[in-house]
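Dear colleague,

I am handing over the structure we spoke about, and I would be glad if you could look through it before reading my notes, which follow below.

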Amino acid sequence: MSFYKFLDQNPKFKEKFNQAQEIGIKTLVEKMLAIFSSDVTEMSNEELLFLREKQNYLKWLAPRVSSLFQEKQNLNVKSDSSIRISWEDNQEDLIDVSAEDVPTPTETKD
C-alpha cells in the first residue's frame with residue numbers, strides 16, 4: 001500500500017512507472033508471440049498447459065496495464081428494422097385493373 005501512496009505523491013515517478021509497465025507488457029506479448037510462432041511440438045503437456053495459462057493471464061492483464069491493448073467489446077447498434085409502406089389516397093390517379101377491363105391479346109391487334 002505504501003508503494004501506491006508513494007506513486008500518488010510523486011507524479012513524475014508515476015509517469016515513468018506507467019511507461020515501464022507498458023514496455024514490460026509489450027515485451028511479454030512479443031515473447032509470447034515468439035514462443036507461439038516457433039515449433040511447440042517439443043513441449044510436454046504440462047509445459048503447454050502452463051504456457052496457455054500464461055497466455056490467458058497476459059490477455060487479461062494487458063488491457064488493464066497498457067493503453068495499446070483493448071478487450072473485445074460488443075457493440076450494440078440500435079436500428080429501426082421496420083419497413084413502412086404507404087399509399088396516397090388520391091383516387092383520381094388510380095387505374096382500375098380488374099379482370100373485366102383488361103383487353104385480351106386479340107382485341108389489341110384490331
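**What was found**

The protein contains 4 helices and 0 strands, and its elements, read from the N terminus on, follow the order α-α-α-α. Please keep in mind throughout that this is a predicted model.

As for the chain in general, 8% of the 110 residues of the protein count as buried, while the accessible surface amounts to about 10,800 Å², with 54% of that area belonging to carbon and sulfur atoms. Among the contacts in the protein with a separation of 6 or more, 43% are between residues 24 or more positions apart.

Helix H2, which covers residues 11-37, and helix H3, which covers residues 45-65, have axes that come within 10 Å and cross at roughly 150°; because angles over 145 degrees count as roughly antiparallel, H2 is roughly antiparallel to H3. The crossing in which H2 passes H3 is left-handed.

On the side of H2, the contact is made by Gln21, Glu22, Ile25, Leu28, Val29, Met32, Ile35 and Phe36, and on the side of H3 by Leu51, Lys54, Gln55, Leu58, Leu61, Ala62 and Val65.

Note on methods:
Residues numbered from 1 in each chain as written. Predicted model: local features only at pLDDT ≥ 70, side-chain atom pairs only at ≥ 80, totals over all residues. Heavy atoms only, no water. Helix = DSSP H or I, 4+ residues; strand = E, 2+ residues; numbered from the N terminus. Buried < 20%, exposed > 50% of the residue type's maximum accessible area, 1.4 Å probe, protein only. Contact = heavy atoms within 4.5 Å. Areas by Shrake-Rupley, 256 points an atom, 1.4 Å probe, with all protein chains shown as cover. Axes fitted to C-alpha atoms, helices over the stretch in contact; angles between N-to-C directions. Parallel < 35°, antiparallel > 145°, perpendicular 65-115°, else oblique. Left-handed = near helix turned anticlockwise from the far one by under 90°.
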